[in-house]
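Student: I have a model open and want to learn how to read its features. Where do we start?

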Amino acid sequence: MSSDHEQTLVRTSRIGIIGAGISGIAAAKELLSYNPTVFEATGSIGGVWKHCSFASTKLQTPRCDFEFSDYPWPERDNVSFPSHVEILDYLHGYATHFDVLKYVKYNSRVVEIRYVGEHATSTLPQHDHGMLCSSEYGSLLKGQPVWEVAVETGPSETVQWYAFEFIVMCIGKYGDVPRMPDFPQNKSREVFQGEVLHTLDYARLDEDGAKNLLRGKKVAVVGYKKSAIDVAMECAEANQGPEGKPCTMVIRTLHWTVPSYWIWGLPFFLFYSTRSSQFLHEKPDQSLLWTLLCPLLSPMRRAISKFIESYLVWKLPLVKYRLKPDHPFEEDYASCQMAILPENFFSEADKGKIQFKRASSRWGFWSGGIEFEDRSKLEADVVILATGYDGKQKLQSLLPEPFRSLVVDSSGVMPLYRGTIHPMIPNMAFVGYIESVSNLHTAELRCKWLAQLVNDRFKLPTVQAMIRQVSQEMEVMKRATRFYKRHCISTFSINHSDELCREMGWSPWRKSNWLSEAFGPYSSQDYAEQTVNKKNN
């Protein structure tokens with residue numbers, strides 16, 4: 001495939017964007033002045049909202065908390081959570097409004113990436129010594145190609161090579177590559193006489209196909225996060241009536257679930273989404289005084305977590321069904337693993353349509369279902385694996401060495417400066433690989449920051465300084481939650497945005513008065529005016 005790519009090399013733009021989900025469309029909009037080329041492997045934009053959603057999939061926040069800064073929802077005051085169809089319509093409206101779609105090449109799957117920049121034939125980069133660790137990162141636009149990208153187009157599978165000075169990776173952490181459990185010897189899926197599928201496969205079924213798969217079947221759903229909960233709810237709805245069979249959720253790790261965004265009559269944002277609430281939490285790059293003060297504030301942090309837990313235990317039958325996690329609520333919030341429950345979830349459990357089975361991480365199949373480590377068995381006709389995705393493997397499959405080995409660090413986390421730039425991978429940005437309460441807001445603000453960086457409005461620190469900053473951020477997350485590998489910034493998201501604003505030369509104080517600044521929640525709308533400021537600079 002690559003032996004003759006030099007003869008067919010195409011240069012359509014200085015910047016290439018891989019993926020046309022929310023992050024890819026946001027990146028394309030912010031970089032419109034460069035006429036970017038956007039490669040989308042499928043026939044439509046939308047990413048996971050198009051290809052990993054079920055009939056019942058909804059956003060987990062109100063629409064006003066999930067919108068672009070310069071493109072509000074048509075009915076933004078509607079307090080309901082929009083469906084995945086509404087989100088796709090909103091994203092398509094945004095892309096159409098800003099004339100982004102003309103830059104998207106559909107059915108164009110990136111199959112290989114080559115580095116052709118400086119030192120392309122050397123053994124760099126080096127982690128502990130050598131040029132990269134002590135040097136400036138350099139300009140993002142070199143004036144000559146740095147990356148060559150092989151793109152497979154359409155059913156003909158014709159491969160075309162493109163050359164770019166800069167690439168923005170927006171293929172995301174979810175979708176495409178399912179994370180599959182490791183099964184004990186002689187207990188793999190082949191011994192099971194029923195049907196096994198991952199939620200990625202389930203998402204490809206239409207509504208009638210999903211109902212036919214679930215109706216009248218003994219279904220086991222492995223997992224207890226949002227996808228697993230949605231599948232279990234769809235299973236319960238498909239099995240109403242006396243002939244219906246129960247769905248059993250096989251739960252390895254419990255997580256806190258929330259019925260709504262109100263806690264004992266108080267709006268949830270007061271606890272974690274304001275400056276005053278995040279004042280209590282540790283932040284990267286904090287001063288020595290704050291480092292000494294933070295441990296003294298830990299009783300208040302624990303009290304807030306206990307306050308929320310007390311409401312959830314009172315409101316939901318967590319004790320009845322042995323679904324109360326052992327870890328604090330704060331750890332799930334700090335790792336972006338708080339799931340909003342469908343309205344009738346526990347009503348279906350009370351009717352026996354949804355059942356729960358706690359299990360260790362070691363389980364396997366027998367001919368009639370699932371067998372657990374204690375040798376107990378669960379009968380099943382269908383097993384659905386809601387075990388997540390391996391987005392890092394997806395990245396590693398595309399990048400060449402030595403960069404493939406550098407995608408994640410020794411702790412298994414992508415070391416991204418400001419959640420966007422990998423210090424050891426030149427002329428490439430990654431958008432959509434850190435999480436927050438609103439991933440759209442997180443992605444959009446980083447795309448604004450990235451556009452300013454590409455325009456040379458500011459310079460990156462040295463590679464060594466970026467590595468040091470990323471390491472500090474990782475240490476903060478490790479102290480906040482045992483689930484730190486999700487790279488979630490929810491407990492210091494405002495501070496993260498402040499740092500982006502400072503580097504861009506913007507004021508980090510976004511509210512109209514000090515009261516709102518201290519106690520008001522932050523959203524994309526707080527950064528809308530920067531579109532105007534950017535034009536005036």
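Student: Which side chain does the side chain of Asn212 make a polar contact with?

Tutor: A polar contact is a pair of N or O atoms within 3.5 Å; within protein, one must be able to donate a hydrogen and the other to accept it, and residues adjacent in sequence count only if both atoms are side-chain atoms. Here, the side chain of Asn212 pairs with that of Arg215, at 3.3 Å. Asn212 sits in helix H6, residues 207–214. Helices (H or I, at least four residues) and strands (E, at least two) are DSSP runs, numbered from the N terminus.

This is a predicted model: local features need pLDDT of at least 70, side-chain atom pairs count only at pLDDT 80 or more, and totals for chains, interfaces and linings use all residues. Residues are numbered from 1 along each chain as its sequence is written, and side-chain values use heavy atoms, with hydrogens and water left out.

Student: Is Ser13 buried or exposed?

Tutor: Buried means under 20% relative accessible area, exposed over 50%, partly exposed in between (1.4 Å probe, protein chains only). Ser13 has 8%, so Ser13 is buried. Ser13 lies in the segment before strand E1 (15–18).

Student: What does Ser13 touch?

Tutor: Contact means heavy atoms within 4.5 Å. Leaving out residues up to four places away in sequence, Ser13 touches Tyr34, Asn35, Pro36, Thr37, Ala163 and Phe164. The side chain of Ser13 has a polar atom 2.9 Å from the backbone oxygen of Asn35. That side chain also reaches the backbone nitrogen of Ile15, at 3.1 Å.

Student: How many cavities of 30 Å³ or more does the structure hold?

Tutor: Rolling a probe the size of a water molecule over the atoms shows where empty space is left. On a 1 Å grid over the protein atoms alone, a cavity is a set of points where a 1.4 Å probe fits but cannot get out; lining residues have an atom within 4 Å of a point. A volume is the space filled by probe spheres set on the points. This structure holds two such cavities.

Student: What lines the second largest cavity?

Tutor: That cavity holds about 50 Å³ of space. Among its lining residues are Pro284, Arg418 and Glu499. Helix H16 (463–480) and helix H17 (493–504) each supply at least two lining residues. H17 gives the most, with three.

Methods:
1 Å grid on protein atoms, 1.4 Å probe; cavity = no way out; pocket = protein on both sides within 12 Å on 5 of 7 lines; lining within 4 Å.
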